[in-house]
Amino acid sequence: MTADTSGSDGRSRSYRSELRSRQAQQTRRRIVEASARLFATRGYQATTLAAIAREAGVSTETVKTAAPKAELLLAAFEVVFSGTVDAESLTDTEVGSGVMSSPDASFLDAVLDQIAVANARGHALWTVLLGAAASDPVVESALQGMLSRRAADYRRLVDELVGRGYVDVIGDPQAVAAALSFLLSPEGYQQLVTQSGWSPERYRAWLREAVHAELDR
């Protein structure tokens, strides 16, 4: 009589499948991180899949299997900016995690600090993404989705600020959300810190003053 090893074989197959899945995820992460470095320094058009492969230490075919170039740019921006890909909201990302549990008194400061960190990480790639959207319809479509999610995030932020007592009543919440999105945008960081030479501390102080001024209007 032979022993029944079906259970052991099943566990072995499951283990190998999980191992391959983890290895694939790790390889994709390396490719995305390599893409981020190259896109940020070389731009979108000058970055080739072969260059990404060399930077990631994999074959060009592996890069092609991971994702098309446009999708690599999008994933690279999301990973660099927020630490997470395909999140529905900034609060669902690595950068936004824990913010909603902040006490009311420190909630707005926590939000501003996290967004300042995200802008410092992602402003260069955001500029690349905006440029790529002008010539790549896939990037343009994805950019519109990002902008839509960003608008929804700031509309929720306005509601949260009202609920936490930062302001009593806001006459036009949509307009305030649009103003906050503008003030806290990666473009603002790019202009003030990268181009004008502000320190990160001065930038964060300006953010606080500008946001409080908008809420007090």
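Contact here means heavy atoms within 4.5 Å, and the tour applies that criterion throughout a predicted model.

**The whole chain**

Nine helices and zero strands are present, so the pattern along the sequence reads α-α-α-α-α-α-α-α-α. The chain has 217 residues, of which 40% count as buried. Of the contacts between residues at least 6 apart in sequence, 62% join residues at least 24 apart.

**Stop 1: α5 and α8**

Select α5 (104–133) together with helix α8, residues 186–195. The two helices pack at an angle of about 100°, and their axes are 8 Å apart. Angles of 65 to 115 degrees count as roughly perpendicular; α5 and α8 are therefore roughly perpendicular to each other. Now display the side chains at the contact. On the α5 side, select Ala-116, Asn-119, Ala-120, His-123, Trp-126, Thr-127 and Leu-130. Their partners in α8 are Pro-186, Glu-187, Tyr-189, Gln-190 and Thr-194. By class, the residues of this contact comprise six nonpolar, five polar and one charged.

**Stop 2: α6**

Next, select helix α6, residues 137–163. Its 27 residues reach 39 Å from the first C-alpha to the last, close to the 39 Å expected at 1.5 Å a residue.

Then show the buried residues of α6: Val-139, Leu-143, Met-146, Asp-153, Tyr-154, Leu-157, Val-158 and Leu-161. These buried residues pack against four helices, namely α4 (69–82), α5 (104–133), α7 (173–183) and α9 (200–215).

**Stop 3: α7 and α9**

Two of the helices against which α6 packs, α7 and α9, also pack against each other, at an angle of about 170° with their axes 10 Å apart. Angles over 145 degrees count as roughly antiparallel, and α7 and α9 are therefore roughly antiparallel to each other. From α7, select Val-176, Ala-179, Leu-180 and Leu-183; from α9, select Trp-206, Leu-207, Ala-210, Val-211, Glu-214 and Leu-215. The residues of this contact divide into nine nonpolar, no polar and one charged.

**Stop 4: Ser-35**

Move to helix α1, residues 6–42, and select Ser-35 within it. Is Ser-35 buried or exposed? The residue has a relative accessible area of 0% and is therefore buried, the threshold being under 20%. With neighbours within four places in sequence left aside, Ser-35 is in contact with Ile-52, Leu-72 and Ala-76. Of these partners, Leu-72 and Ala-76 belong to α4 (69–82).

**Stop 5: Thr-47**

Finish in the loop between α1 and α2 (49–56), where Thr-47 lies. Thr-47 is buried as well, with a relative accessible area of 0%. To which backbone atom does the side chain of Thr-47 reach? Draw a distance to the backbone oxygen of Leu-38, which the side chain reaches at 3.4 Å. Not counting residues up to four places away in sequence, Thr-47 touches Leu-38, Phe-39, Arg-42, Ile-52 and Lys-69.

Technical notes:
Residues are numbered from 1 along each chain as its sequence is written. This is a predicted model: local features need pLDDT of at least 70, side-chain atom pairs count only at pLDDT 80 or more; totals for chains, interfaces and linings use all residues. Side-chain values use heavy atoms; hydrogens and water are left out. The expected span of a helix is 1.5 Å times one less than its number of residues. Buried means under 20% relative accessible area, exposed over 50%, partly exposed in between (1.4 Å probe, protein chains only). Axes are lines fitted to C-alpha atoms, for helices over the stretch in contact, and angles run from 0 to 180 degrees between N-to-C directions. Angles under 35 degrees count as roughly parallel, over 145 as roughly antiparallel, 65 to 115 as roughly perpendicular and the rest as oblique. Ala, Val, Leu, Ile, Met, Phe, Trp, Tyr, Cys and Pro count as nonpolar, Asp, Glu, Lys and Arg as charged, and the others, Gly among them, as polar. A polar contact is a pair of N or O atoms within 3.5 Å; within protein, one must be able to donate a hydrogen and the other to accept it, and residues adjacent in sequence count only if both atoms are side-chain atoms.
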